[in-house]
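Please look over the structure shown here before reading on. The briefing then takes up selected features, topic by topic.

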Amino acid sequence: MSNYLAVVVSARHEKRLRAWLDRRSEPDEVWSVPLRARRTLYIVSAGVQDSLVDAGFFRGHLVSHEHEVMVFGAAGWRAAPPAVKRDGSEAVGEFLRFSWTRDRVDVSRDFFGNARLLHTEGPGFAAFSDSMLVLASLRRALGAPVTASEEVLTARAAPSQIAGQQISPETMIDEIAFAPPWARIGVDVPRLHVDVAASTATRMLGGGRPLDEREVLRRTASAMTRTVSTLSVIPGWAPVLHLSGGLDSRAVFASMVESGNLRDFAYINRTRFGDVTDRDNTVARALAAGYGLPASDVDDDAAWREPRPVDGLRLWGASLAGVYDGLGPLGPRRRRSREFELFGLGAGAHKGGWGWCDFGTLAERASHPGTIRDALVAQLDLSAEGLGVEPSAPNASELYYFGYRNGIHSGAEHIGLHMTGVAPLQNVEFARLGHSQTPDGSFYGVRDGILSLTALLSPEAAVFEYDRPRHDWTLSRAGERQSELGGPLTDGERKPYTVCGSPDAVPQGPTRLALRLAEAAGMPDSADCESALAYSESNLELLSGDLAGVYRDVLANARWRLGRSGNDIFGAELPLARTMMLGILRPVA
């Protein structure tokens with residue numbers, strides 16, 4: 001993001017906190033309330049006053065399929081049905097909520113953890129945020145240590161996306177922890193202590209128990225269609241699909257077709273690596289043209305040449321740095337202030353992302369034998385407790401994907417700019433179906449669940465050509481599959497949800513606090529390769545010993561990838577994100 005920081009601070013440390021906020025932030029993004037025992041809660045968020053509600057804070061949007069409602073912003077939360085407020089544990093979307101009494105502050109968020117959550121504590125304070133940089137700087141401002149974790153940094157150097165984000169609750173800073181989706185965070189105010197009430201990924205996803213495939217696919221198809229139908233009727237806003245030639249965005253496209261309101265949608269399609277994705281672009285544009293779906297900026301090459309907002313890599317540094325090794329957001333700015341961006345992201349919660357294997361096999365795929373793999377294995381083993389499985393479990397890789405990549409990856413591209421991105425495939429029942437076991441003991445996620453879902457929604461869209469061979473289904477087979485699943489959706493299965501609040505009331509953008517800290521840490525104000533490489537080179541001076549050698553190799557890999565991709569910064573985003581995240585270690589307060 002960084003869309004928020006919350007700090008509970010003692011009277012003894014409050015003066016130092018205020019001085020830090022006065023220096024780095026602006027008054028209109030800071031709000032505070034006194035609590036028990038001479039403690040004060042401070043919240044820093046753009047438009048903070050617009051997110052306050054009923055001894056609480058709500059930012060973003062929430063979708064409850066169970067209660068057939070879509071909630072936008074604090075006013076929407078205030079108007080939401082009591083049942084949603086009572087039990088929102090399976091609500092999806094992109095939202096963060098704080099609630100407090102004089103003795104306690106609690107945090108809740110969307111089921112998949114799209115809204116990132118990190119936490120830290122020290123003498124006189126406890127805090128949580130979505131930004132590693134912000135929490136590290138806060139600790140320095142309050143006189144608390146900031147210590148680099150050699151094991152985490154070594155593990156994150158594995159040349160694979162398998163290590164391309166948080167690997168366990170431990171982070172690159174020893175004193176800062178990451179909360180996976182199953183962790184419920186609260187602050188005990190008198191003790192200034194962060195409590196972590198942890199479930200497990202296995203329990204969240206149903207423990208592998210068998211589910212009725214037909215019922216789940218049908219409810220998922222209805223939920224997707226009702227979601228996009230709702231977006232299409234919100235006045236003044238336009239739903240725009242990020243369309244590729246692949247399978248996941250095709251399922252979302254099929255739900256748009258099934259809604260009967262395709263004329264109310266548009267699509268975005270872009271080339272990131274030139275000729276490499278020509279086939280993908282050609283198929284996506286042919287699909288859209290065949291259905292009369294209008295393009296949004298598809299022919300405007302200039303729209304995608306500058307891959308960052310005006311703050312260059314500072315927005316990335318203020319938000320994703322240290323947590324996710326990618327360079328989102330991708331656009332030069334919020335494309336339009338009143339667009340819902342629709343994504344096929346989140347499908348990995350159902351189908352997996354790393355091959356349904358044990359941790360030993362996963363580590364072998366990520367790195368060669370040696371120090372880096374040893375560190376990666378240690379971090380994976382540490383994550384296994386929270387996943388609720390042994391490292392040798394055949395689905396360990398996909399529980400890990402669900403807990404540590406799915407949510408962060410789904411929000412990475414846009415959430416630093418806005419919290420109105422929608423991923424209809426992030427569906428709780430559909431995720432549980434993927435992790436349920438079939439009669440032969442395999443996991444349903446390895447089968448053709450997304451293709452079946454697409455065929456249920458639109459057999460024609462399911463068999464339209466793809467960027468590469470995805471299946472051998474004919475239109476006849478897709479139609480048969482739709483019939484097996486109960487036939488086309490009924491009017492009741494397509495009708496829009498009730499809307500509470502307005503997306504116009506959801507604050508957008510990061511805090512000036514976070515952007516100024518990124519500037520103070522020297523993060524580049526442009527997004528070109530030369531600036532990224534120069535900053536990375538200077539960051540190597542922050543390391544010593546074997547770790548410095550490890551990251552010299554990471555930077556060398558970045559240079560090689562840039563050469564291979566014709567200096568496309570996204571062609572080297574994995575290693576560049578890692579060498580640039582080292583800037584968090586700069587002594588900035």
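What follows covers aromatic rings, charges over rings, packed helices and a few loop residues.

This is a predicted model, in which local features need pLDDT of at least 70 and side-chain atom pairs count only at pLDDT 80 or more, while totals for chains, interfaces and linings use all residues. Residues are numbered from 1 along each chain as its sequence is written, and side-chain values use heavy atoms, with hydrogens and water left out. Helices (H or I, at least four residues) and strands (E, at least two) are DSSP runs, numbered from the N terminus.

**Aromatic pairs**

- The structure holds 19 aromatic pairs, where rings of Phe, Tyr and Trp (its six-membered ring) pair if their centres lie within 6.5 Å, and planes under 30 degrees apart count as stacked, over 60 as edge-to-face and the rest as tilted.
- One of these pairs joins Trp31 and Trp100, whose ring centres are 5.6 Å apart and whose planes stand at 40 degrees, so the pair is tilted.
- Because Trp31 lies in strand S2 (residues 30-34) and Trp100 in strand S6 (residues 92-100), this pair ties together parts that are 69 residues apart in sequence.
- Trp100 is buried, with a relative accessible area of 12%; buried means under 20% relative accessible area, exposed over 50% and partly exposed in between (1.4 Å probe, protein chains only).
- The rings of Phe253 and Tyr291 have centres 5.1 Å apart and planes at 85 degrees, so this pair is edge-to-face.
- Phe253 in helix H8 (residues 248-259) and Tyr291 in helix H9 (residues 278-291) are 38 residues apart, and their pair links distant parts of the chain.
- Phe253 is buried at a relative accessible area of 0%, whereas Tyr291 is partly exposed at 27%.
- Ring pairs also link Phe178, Trp182, Trp354, Phe359, Tyr400, Tyr401 and Tyr404 into a cluster.

**Charges over rings**

- The charged end of Arg250 sits over the ring of Tyr466, 4.0 Å from its centre, a description that applies if NZ of Lys or CZ of Arg is within 6 Å of the ring centre and within 35 degrees of the ring normal.
- Arg477 likewise has its charged end over the ring of Trp473, 4.9 Å from the ring centre.

**Packed helices**

- The axes of helix H1 (residues 11-24) and helix H4 (residues 132-141) come within 9 Å and cross at roughly 130 degrees, the axes being lines fitted to C-alpha atoms, for helices over the stretch in contact, with angles from 0 to 180 degrees between N-to-C directions.
- That angle makes H1 oblique to H4, since angles under 35 degrees count as roughly parallel, over 145 as roughly antiparallel, 65 to 115 as roughly perpendicular and the rest as oblique.
- Arg16, Leu17 and Trp20 of H1 make the contact with Val134, Ser137, Leu138 and Ala141 of H4, where contact means heavy atoms within 4.5 Å.
- The axes of H4 and helix H19 (residues 512-520) come within 10 Å and cross at roughly 80 degrees, which makes H4 roughly perpendicular to H19.
- Here the contact is made by Leu133, Val134 and Ser137 of H4 together with Leu513, Ala514, Leu517 and Ala518 of H19.

**Loop residues**

- Ala37, in the loop between S2 and strand S3 (39-44), has a positive phi of about 60 degrees although it is not a glycine, and Ala37 is partly exposed at 39% relative accessibility.
- Gly441 lies in the loop between helix H15 (428-434) and helix H16 (449-457), and is 233 residues from Gly208 in sequence but 9.9 Å from Gly208 in space, C-alpha to C-alpha.
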